[in-house]
Amino acid sequence: MKATKRVLLILFFLVSIQSKSQSLNSISDYFDTQVSQQNSHLYNGRLYINSYLVLNSKNQFLKTNKNYTKGSITIESITFNEIELQYDLFSQELIVKPDPKTSLYGVIVDSTKLTHFTMYGLHFVNLKSAGPHSLQGIYELSIDKPISLLVKHKAKRFKILDKNLIHYEFEPTYNYYLVYNNNYILVNSKKDCIKIFPNFKKEVKNFYSENAYTEKNDPKEFMKKLVLYINTLKEVVNEKN
C-alpha cells in the first residue's frame, strides 16, 4: 500500500511539473508573439540608405549628427522608449536602428502610422492632412500653450564640385507656424507677427529691437522666446478682462 502511495505521489509530481512547464511555455510564446507584433509596427519599413557623400559636419541630419541617438517613438498608440533614432531633414524621413550592435542599416518609419517622437529633448508631431489645417508632415512642437509654436525642420542641399569628386553640404532651415484660435499661421517675420496681433504692435517691435542679436544668430530660439512673450501678454490682458 505504501509503495502504491509513493507511485501516485511521483506521478502527481511529474504531472504537476509538466503542467507548469506547459503554462510557462504558453506565457513565453504569448509574450514573444506580442513583442513580435509590436515590433512589426516599428521595423516594417524600407531600408534607409544615405546616398549623399558629405566630407564635413554639414550633413542633413537633425543637430547635424550623423550618428543615431536614443529617443522615444509612438506608432499606432504603441510607445517605444530608448530606441536608436535618426532624422533626415532633407528627405523628411525618421529612421530607426533595429539592433544598435548588429544592424548595418536603419529602417525608415512608416509615416502613415507615426504619431510623434522625441529626440534631443525635442518633441515632434506628425500632422495628418485630415486635421483642421493644411499642414501635414513632421513638425517640432516647440511650445504647447494657448498660442503654440510649430517648427518645420528642413535642410537645403548644396552640390560641391572638387576636382573629380562630387560631394554635398546641407544647411538647416526652419519655418515657423503659430497655432492660434484653431488656425495654423506661417510666421517668419515681424510683419507677420504684428498682422496676427495688432494690439501688441508696440510690444512686438520692442521685442525685435531688444533681441536683434538672438534673431540673427539663433532665430529658432528667438522665435520661441517671442511666442512665450506673446503668451504672457495675452495672459495679462485676460486677467484684466
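Buried here means under 20% relative accessible area, with a 1.4 Å probe and protein chains only; strands (E, at least two residues) and helices (H or I, at least four) are DSSP runs numbered from the N terminus. This is a predicted model, where local features need pLDDT of at least 70 and side-chain atom pairs count only at pLDDT 80 or more, while totals for chains, interfaces and linings use all residues. Residues are numbered from 1 along each chain as its sequence is written, and side-chain values use heavy atoms, leaving out hydrogens and water.

E2 runs antiparallel to strand E3 (residues 78–88), joined by six bridges; strands pair if DSSP finds at least two bridges between them. Glycine 71 faces isoleucine 83 of E3. Within this hairpin, which has two residues between the strands, glutamate 76 adopts a positive phi near 50 degrees. Strand E6 (residues 114–119) also pairs with E2 in the antiparallel sense, over four bridges, and there phenylalanine 117 is the bridge partner of isoleucine 73.

## Aromatic pairs

The whole structure holds 15 aromatic pairs, counted when ring centres of Phe, Tyr or Trp (its six-membered ring) lie within 6.5 Å; planes under 30 degrees apart are stacked, over 60 edge-to-face and the rest tilted. The rings of tyrosine 208 and phenylalanine 222 have centres 4.9 Å apart and planes at 65 degrees, so they pair edge-to-face. Tyrosine 208 is buried at 6% relative accessible area, and phenylalanine 222 is buried at 3%.

Technical notes
Buried < 20%, exposed > 50% of the residue type's maximum accessible area, 1.4 Å probe, protein only.
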